[in-house]
Amino acid sequence: MSEHTDSFRLDSRVAAKARTPLLIIAAIGWLLCIIGFFVNREQFHFSYHMAFVYFATITLGGLFFVMVQRLTTAGWSVVVRRLAEVFAANLPIVALLFIPVAIGLFNPPHASATHGEGHHAKTAYFEWLDADFVKGDEILSHKAGYLNLKFFLIRAVIYLALWSFLGWMLYRQSVAQDDDGDPKHISISFKLSAPGTLLFFYTGALAAFDWVMSLAPHWFSTAFGVYVLAGGAMGFMATLILICSWLRSQGVLKHSITVEHYHDLGKLMSAFNIFWAYIGFSQYMLIWYANLPEETFWYKDRMVGSWQNVSLFLAFGHFILPFCFMLLRSTKRNPFTLSLVAGWMLLMHLTDVYWMIMPTLHRAGLHLHWLDLAALAAVGGTLSWFFFGRLGKHSIVPVRDPFLAESLAFENV
């Protein structure tokens, strides 16, 4: 084999090098989460919810990426598309990881003093779960036809089942083409992606309303769903860059995934980040200048105490700083510097998700807890362990894709 030819199979030793520490991280995370469930249920549910939303949005970003590449019959991305397909194939695992969230719905924790000033409800998790509280609240009474446990769970099952089906089928069609080379798999993937993309936006936006916005059920914003999905898409691009960079460090696909591919991955990450900032600012501006108390309280809660510092940090760190760095062509064409920015962007997406969810629990200000880290380790470690396990089962590049040669020879113009 030529020294400039890559193996398209992931060596078992390389896979084990990744999976063993991930398994340990996941196990420690789950153990701490179980302890936290009995020690501080209120904090556990919010910490786990934050971790679940964080990794679910990133995984959904992978599904979106795959469907867009299929719909556009993109050639440049073929060498990295299998990584995204394996990522999207993790969506059935995401569905299983929703179970602790469902447990909190059936038996929600009681509110404690950590709420500080503001709305008080018997249930700290989703206050609309408290029937007595809803009856005494005119706004929530009008929303009860949508915000009720039965309908909430039905919607969650539909979302998770649809995403799991799309992610798994797109992955299976791709690996099936490795075996028989039949172009019908491209046609099937295209036909799945066309309605799938439309359904993705509908269900993704509704899931953002259900799982994040309804934590503050008096608030509403029609732009919120797109805001959350844009953050997830950016988070996935950052994750894909880091995976490619790690594989490169292990001598895997170092000649196939070139500087040209990193350049385009960086452009996409930057584009999604700019779109996130655009939606975020538009949402903020429209709500703030309307100056309606039923809308502005959500932002007001995030400008109290140390939450104000988090808000400012998010604006600077999530948009202004990376925007300036990513303007440079050299940043996007250097795998090391691009990986540094990608790692930063994943931290910023985590900050964004934390900022959306945690003020509901800790209204007075930022309150970091060890369960936050435990939940991230449990959910992230589990998904990553499954990812590397599945990545080693088949070729890590679609070897019989008709556009593979175009992708390997890809150059930016």
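Helices (H or I, at least four residues) and strands (E, at least two) are taken as DSSP runs, numbered from the N terminus. On that basis the protein comes out with 17 helices and zero strands. The model is a predicted one, so local features need pLDDT of at least 70 and side-chain atom pairs count only at pLDDT 80 or more, while totals for chains, interfaces and linings use all residues. Residues are numbered from 1 along each chain as its sequence is written, and side-chain values use heavy atoms, with hydrogens and water left out.

As for overall shape, the C-alpha atoms fill a box of roughly 70 × 40 × 40 Å along the principal axes. The radius of gyration, taken over C-alpha atoms, is judged against a globule rule of 2.2 Å times the number of residues to the power 0.38. For 413 residues a compact globule would sit near 22 Å, and the protein, at 22 Å, agrees. With contact meaning heavy atoms within 4.5 Å, 81% of the contacts between residues at least 6 apart in sequence join residues at least 24 apart.

Next, the inside. Buried means under 20% relative accessible area, exposed over 50%, and partly exposed in between (1.4 Å probe, protein chains only). Buried residues make up 57% of the 413. A nonpolar core is a set of buried Ala, Val, Leu, Ile, Met, Phe, Trp, Tyr and Cys residues joined through side-chain atoms within 4.5 Å. The largest one has 130 residues, and those touching the most other members are F52, L63, F98, W163, W211, F224 and M269. Helix α2 (residues 41-71) gives the most to this core, with 17 residues. Setting aside neighbours within four places in sequence, W211 is in contact with H49, F52, F98, F126, F152, A156, Y159, L160 and W163.

L253, not a glycine, has a positive phi of about 55 degrees; L253 lies in the loop between α10 (224-249) and α11 (259-290) and, at 1% relative accessibility, counts as buried. N291, also not a glycine, has a positive phi near 55 degrees. N291 is found in the loop between α11 and α12 (293-301) and is exposed, with a relative accessible area of 56%.

A nonpolar surface patch of about 650 Å² is made by I24, I28, L31, L32, I35, V39 and W370. Helix α1 (residues 12-39) gives the most to the patch, with six residues. I35 lies in helix α1 and, at 39% relative accessibility, counts as partly exposed. Patches are made of residues with over 30% relative accessible area and no salt bridge, with like charges joined within 9 Å and nonpolar side chains (Val, Leu, Ile, Met, Phe, Trp, Tyr) within 5 Å; a salt bridge is a side-chain nitrogen of Lys or Arg within 4 Å of a carboxyl oxygen of Asp or Glu.

Conventions
Areas by Shrake-Rupley, 256 points an atom, 1.4 Å probe, with all protein chains shown as cover.
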